Amino acid sequence: MEANEKNGQRQIDLYKKHRPTRFKDLVGQPQAVAQLEEWLSNGRVPNAVLFTGGSGVGKTTAARILAHRLGCTSRSDCQEINVAESRGIDAIRDIMDRMWLAPMSGSGYRVWILDECAKLTSDAQGAALKMLEDGPSHARFFLCTTDPQKLLKTVITRCAVLSFRALTEGELEVVLDGVIAKENVRVPESVRNRIAEVADGSARKAIVLFQQIMGLASEAEQLDAVQRSDSRRQAIDLARALMDPKTPWLKVAEILNGVDEEPESLRRMILAYYNRVLLGGGAKANRAAELISRFMYHYFDSGRAGLVLSCWESLRSK
């Protein structure tokens, strides 16, 4: 959504309000930007481009800027599809029917941006192969995902791949400084630094955290709010609690009730923790291996309920 309700007023999401509209404003991705500029200067933008990298690092933003630079400024010639909401083959077939229509804005191109494309079913990915390889000369397909390993290899080989990296804490502070200046608010340096530390290399997460603490009066309140949003700490707390099969469920439920992170991202952080424990060997290795099996499958369909069930079953397996 473009806005959310707060105190009876519409509050604009700042990460959308301050989304970069030029490549030079895209912080932390010089190599990807250089490649994009080269394609544009040579007039050789590939028919299919795969934008990969972590959450909130600029993949979809870069795809939108690229479409705009190609002259696709209208919705008719630049269509963005959130694949997480439409994972079936019908979505691909609809694109395949429409892609033959001539551009309407005079740009010479029609662009489709497929966000979270790795959530397409295998059948849908298979149907997309011909579209990516044999589409009309005016069609461009920009695929964005945090999970390229879930795409068919045949899909990846039909794309030019651009990798976007996690931002450093210094780069996140640059992003924050820009947003803070535009919003004309004062934020203590300690709070700004803490946001950059816990944002996991994601510019979007850093801006969301900043927006959450804007209305808090004191530095202490702001720091506490940021600390509670530290998804890595939440994942570690949850993983450690589940390591002991005697942990009361109410304690685990309390941790889960305080978790704000998207379930699938949290699952991966939990798996990373158990993987380190397993590789370290020792008395806890068997328990870590057992817990890895409980968190092996994604939560794209089950969401938060799937995360809670995995935790419940982890304690029942004692």
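Mentor: Rings of Phe, Tyr and Trp count as a pair if their centres lie within 6.5 Å, and in this predicted model such ring pairs link F51, F142 and F164 into a cluster.

Trainee: How many aromatic pairs does the structure hold?

Mentor: There are 6 aromatic pairs in the structure.

Trainee: Are F51 and F142 buried or exposed?

Mentor: Both F51 and F142 are buried. Another edge-to-face pair is formed by Y273 and Y274, at 5.8 Å centre to centre and with 75° between the planes. Buried means under 20% relative accessible area, so Y273 qualifies with 15%, and Y274 qualifies with 0%.

Trainee: Which residue lies over the face of Y299?

Mentor: That residue is R267, which is placed 6.0 Å from the ring centre of Y299.

Trainee: What is the nearest side chain of opposite charge to R140?

Mentor: A salt bridge needs a side-chain nitrogen of Lys or Arg within 4 Å of a carboxyl oxygen of Asp or Glu. R140, which lies in strand β6, is buried yet has no salt bridge, and the nearest side chain of opposite charge, D134, is 12 Å away.

Trainee: Which backbone oxygen does the side chain of R140 reach?

Mentor: The R140 side chain reaches the backbone oxygen of V45, at 3.0 Å. Leaving aside residues up to four places away in sequence, R140 touches several others, among them P46, N47, L70 and W112.

Terms used:
Residues are numbered from 1 along each chain as its sequence is written. This is a predicted model: local features need pLDDT of at least 70, side-chain atom pairs count only at pLDDT 80 or more; totals for chains, interfaces and linings use all residues. Side-chain values use heavy atoms; hydrogens and water are left out. Rings of Phe, Tyr and Trp (its six-membered ring) pair if their centres lie within 6.5 Å; planes under 30 degrees apart count as stacked, over 60 as edge-to-face and the rest as tilted. Buried means under 20% relative accessible area, exposed over 50%, partly exposed in between (1.4 Å probe, protein chains only). A charge sits over a ring if NZ of Lys or CZ of Arg is within 6 Å of the ring centre and within 35 degrees of the ring normal. Helices (H or I, at least four residues) and strands (E, at least two) are DSSP runs, numbered from the N terminus. Lys and Arg count as positive and Asp and Glu as negative; His and the chain ends are not counted. A polar contact is a pair of N or O atoms within 3.5 Å; within protein, one must be able to donate a hydrogen and the other to accept it, and residues adjacent in sequence count only if both atoms are side-chain atoms. Contact means heavy atoms within 4.5 Å.
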